[in-house]
Amino acid sequence: MQSCEFVIRPLTGNDAGAVLAFSRQIGGETDHLTFGPEGLPLGEEQERGFLEKAADTPDRLMLGAWDGERLVGTAEIARLSNKARLAHRAQFAVSVARSHWNRGIASALACRCLQRAREMGCTVVELEVLENNAPAIHLYQKLGFSTVGRHPCFFRYADGRCAPALLMHCYL
Ligand SMILES: CC(C)(COP(=O)(O)OP(=O)(O)OC[C@H]1O[C@@H](n2cnc3c(N)ncnc32)[C@H](O)[C@@H]1OP(=O)(O)O)[C@@H](O)C(=O)NCCC(=O)NCCS
């Protein structure tokens with residue numbers, strides 16, 4: 001395994017440009033995300049506002065993994081809703097630059113996010129993952145997620161192809 005010195009810290013509004021550039025990079029590296037090479041559909045000011053708001057609430061954590069000055073991974077955990085009957089549920093997402101896969105970065109980000117979910121008092125963490133995304137499914141199973149359902153056409157690509165996804169839960 002290659003060595004990789006990386007640092008994990010919460011993202012701030014000042015990271016907005018780096019986050020958008022990262023989204024364009026990873027969107028071009030995989031078909032497993034909700035966006036392609038165009039990246040997240042947000043301008044830098046919108047992204048800055050989103051990150052600032054996230055940094056200001058205990059109900060969301062946005063993390064970045066940095067290799068020196070370069071953002072190489074992001075993860076998010078967020079309470080689904082403040083409505084009392086939904087507040088026990090949190091949603092999780094993670095992405096790592098292809099150049100840095102298989103160095104434990106997503107595992108480290110996920111551990112921090114699951115810890116935050118516990119601190120938030122959530123009892124279930126939820127995600128959807130494309131059925132053909134073997135590394136991600138392996139990672140989630142290792143973290144304690146199990147499959148609770150399947151969406152037969154979770155993504156529909158521009159050429160009309162459907163990509164099915166697994167719904168996975170981790171009970172805390
Ligand atoms: C899924 C993803 C986040 C994993 O990031 P990562 O930093 O490489 O993850 P880690 O290094 O912590 O762990 C990867 C695990 O997958 C395993 N793995 C790698 N390729 C695999 C494959 N083809 N099949 C099964 N397992 C595989 C690794 O061995 C490792 O497991 P281990 O810790 O038991 O050895 C990364 O591949 C990614 O960002 N992909 C594109 C975006 C994406 O799919 N995000 C998830 C959307 S639901």
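Biologist: Which residues of H1 are buried?

Modeller: This is a predicted model, to be clear. In H1, the buried residues are Ala 16, Val 19, Phe 22, Ser 23 and Ile 26.

Biologist: Why are they on the same side of H1?

Modeller: They cover an arc of only 125 degrees around the axis, so they share one side of H1. An α-helix has 3.6 residues a turn, so residues three or four places apart point the same way.

Biologist: And what do the buried residues of H1 pack against?

Modeller: Helix H2 (44-55), S3 and S4.

Biologist: How far does H1 reach, first C-alpha to last?

Modeller: 16 Å, with 12 residues. That is close to the 16 Å expected at 1.5 Å a residue.

Biologist: Switching to the largest nonpolar core. Which residues touch the most other members?

Modeller: Leu 109 and Cys 113, out of 35 residues in that core. H3 supplies the largest share of the core, 7 residues.

Biologist: Take Cys 113. What is in contact with it, leaving aside neighbours within four places in sequence?

Modeller: Leu 61, Leu 63, Ala 75, Ile 77 and Phe 92.

Biologist: Now the ligand. Which residues come nearest?

Modeller: Trp 101, Ala 106, Ser 107, Ala 134 and His 138, from the 21 residues around the ligand. S4, H3 and H4 are the elements that each give two or more residues to that shell.

Biologist: Which element gives the most?

Modeller: H4, with 6 residues.

Biologist: How do the shell residues divide into nonpolar, polar and charged?

Modeller: The shell has 11 nonpolar, 8 polar and 2 charged residues.

Definitions and conventions
Residues are numbered from 1 along each chain as its sequence is written. This is a predicted model: local features need pLDDT of at least 70, side-chain atom pairs count only at pLDDT 80 or more; totals for chains, interfaces and linings use all residues. A nonpolar core is a set of buried Ala, Val, Leu, Ile, Met, Phe, Trp, Tyr and Cys residues joined through C-beta atoms within 7 Å. A residue is buried if 20 or more other C-beta atoms lie within 10 Å of its own, exposed if 12 or fewer, and partly exposed in between; C-beta atoms are placed from the backbone. Helices (H or I, at least four residues) and strands (E, at least two) are DSSP runs, numbered from the N terminus. Two residues are in contact if their C-beta atoms, placed from the backbone, lie within 7 Å. A residue is near a molecule or strand if its C-beta atom, placed from the backbone, lies within 6 Å of it. Ala, Val, Leu, Ile, Met, Phe, Trp, Tyr, Cys and Pro count as nonpolar, Asp, Glu, Lys and Arg as charged, and the others, Gly among them, as polar. The expected span of a helix is 1.5 Å times one less than its number of residues. The arc is that of the directions from the helix axis to the C-beta atoms.
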